[in-house]
Amino acid sequence: MQYLHTMIRVTDLDKSLDFFTRILGFVELRRHVNEKGRFTLVFVACPETPECPVELTYNWDPETYSGGRNFGHLAIA
């Protein structure tokens, strides 16, 4: 079994990236923009452990996340 990443949904990608990069010191590893699906995925991780990323999922259409809905999944292969 191999840990791949943890996904969380974010409502403000710029603020979330600022928190993870400037405040926590994570680095952006890669980014995927899907215009057809209307979402952006940004993978960030601690520089010391890039093999353990956090996927920030930003859905372009507004949605209110409550009751734990912002947590998406743990990806394991």
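**Figure 1. The start of helix α1 in a predicted model.** At the start of α1, a side-chain oxygen of D12 comes to within 3.2 Å of the backbone nitrogen of D14. A polar contact here is a pair of N or O atoms within 3.5 Å; within protein, one must be able to donate a hydrogen and the other to accept it, and residues adjacent in sequence count only if both atoms are side-chain atoms. Helices (H or I, at least four residues) and strands (E, at least two) are DSSP runs, numbered from the N terminus. The model is predicted: local features need pLDDT of at least 70, side-chain atom pairs count only at pLDDT 80 or more, and totals for chains, interfaces and linings use all residues. Residues are numbered from 1 along each chain as its sequence is written, and side-chain values use heavy atoms, with hydrogens and water left out.

**Figure 2. The two sides of α1.** Helix α1 covers residues 13–23, and L13, S16, L17 and F20 are buried in it. Buried means under 20% relative accessible area, exposed over 50%, and partly exposed in between (1.4 Å probe, protein chains only). Seen down the axis of α1, the buried residues fall within an arc of 95 degrees, so they line one face of the helix. The arc is that of the directions from the helix axis to the C-beta atoms. On the other side of α1, D14, K15 and R22 are exposed. The cover over the buried residues includes β1 (3–10), β2 (27–34), β3 (39–45) and β4 (54–59). Just after α1, G25 has a positive phi of about 85 degrees.

**Figure 3. S16 in its setting.** S16 counts as buried because its relative accessibility is 14%. A polar atom of its side chain lies 2.9 Å from the backbone oxygen of D12. Leaving aside neighbours within four places in sequence, S16 is in contact (heavy atoms within 4.5 Å) with V10 and L56.

**Figure 4. The largest nonpolar core.** Nine residues form this core: V10, L13, L17, F20, F26, V42, V44, V54 and L56. The largest share, three residues, comes from α1. A nonpolar core is a set of buried Ala, Val, Leu, Ile, Met, Phe, Trp, Tyr and Cys residues joined through side-chain atoms within 4.5 Å. Not counting residues up to four places away in sequence, V42 touches residues including L13, L17, V54 and L56.

**Figure 5. R38 in the loop between β2 and β3.** Phi of R38 is near 60 degrees, a positive value in a residue other than glycine. R38 counts as partly exposed because its relative accessibility is 36%.
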